[in-house]
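Look at the model below. The report takes up charged pairs and then a pocket.

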Amino acid sequence: MKSEQLAVPNYLARTYWWAYVHPRAVYLFERQWLVNLILWGNFARLREAALDALGQVLEGRTLQIACVYGDLTPRLSARLSPDARLDVVDVLPIQLQNLAAKMPVANAATLICGDSAALPCESAHYDRALLFFLLHEQPEEVRRRTLAEALRVVRPGGQVIIVDYHLPRAFHPLYLPMAAILGTLEPFALDLWRHEITFWLPADRPVAAMSRRTLFGGLYQIVTITVQ
């Protein structure tokens, strides 16, 4: 693990101390059944959709931006070719320590303490990057910088995969419950109901292509961006 203690961003310490920052939060939420419950039984489906968007066999360098509760990262590492590399960056050492305990020794990733809005990575260094339910947790300006950084560190022709919330279809039975839950516990999340991902993409980093599909009545989205 490449560990350099960073200040916890104010928005993260203030808004998400209960989910990511406090040791008791990690103890509570590192339970796959709970993550699955939070996603209305869709964790495995979203995990596999994200992995399939990355590819069945991953060559070269892959970057995961932010740790994820559950078994996403071990399964991601299992798709690496023998000489491929996986880096995972997170601003919270406690999250990196938690991930290290989950990773099989044979498929260990390089864990980097860094801010998604200012990645400690070279430009065009990676073949692909994954952001799994990260953007909805960030205020708008941080979200813009995170997307700009993801596009910066992925080589031309490489891909950035984003899995996150999306505005559900009209009359979705979970529309009102999710609006209440997100509005109460995750104050930045409803931004993704109001705007498409393109709204926060940097104007100075054009993309070669972008596709999006939704799952579970539109409540979740998978966006694939090909870097220009």
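Arginine 79 counts as buried, at 13% relative accessibility; buried means under 20% relative accessible area, exposed over 50%, and partly exposed in between (1.4 Å probe, protein chains only). Its salt-bridge partner is glutamate 48, which is partly exposed with a relative accessible area of 25%. A salt bridge here is a side-chain nitrogen of Lys or Arg within 4 Å of a carboxyl oxygen of Asp or Glu.

This is a predicted model: local features need pLDDT of at least 70, side-chain atom pairs count only at pLDDT 80 or more, and totals for chains, interfaces and linings use all residues. Residues are numbered from 1 along each chain as its sequence is written, and side-chain values use heavy atoms, leaving out hydrogens and water.

The structure holds 14 salt bridges. Three of them are listed here.

| Salt bridge | Closest N and O atoms |
|---|---|
| Glutamate 48 – arginine 79 | 3.5 Å |
| Aspartate 191 – arginine 143 | 3.1 Å |
| Arginine 152 – glutamate 149 | 2.8 Å |

Both aspartate 191 and arginine 143 are buried. So are both arginine 152 and glutamate 149. Salt bridges with shared partners join Arg47, Glu48, Asp52, Asp71, Arg75 and Arg79 into one network.

Now the pocket. The lining of the largest pocket has 39 residues. Tyr20, Phe133, His136, Glu137 and Glu186 lie nearest its centre. The lining divides into 30 nonpolar, five polar and four charged residues. On a 1 Å grid over the protein atoms alone, a pocket is an open set of points where a 1.4 Å probe fits, with protein on both sides within 12 Å along at least five of seven lines; lining residues have an atom within 4 Å of a point.

Note on methods
Ala, Val, Leu, Ile, Met, Phe, Trp, Tyr, Cys and Pro count as nonpolar, Asp, Glu, Lys and Arg as charged, and the others, Gly among them, as polar.
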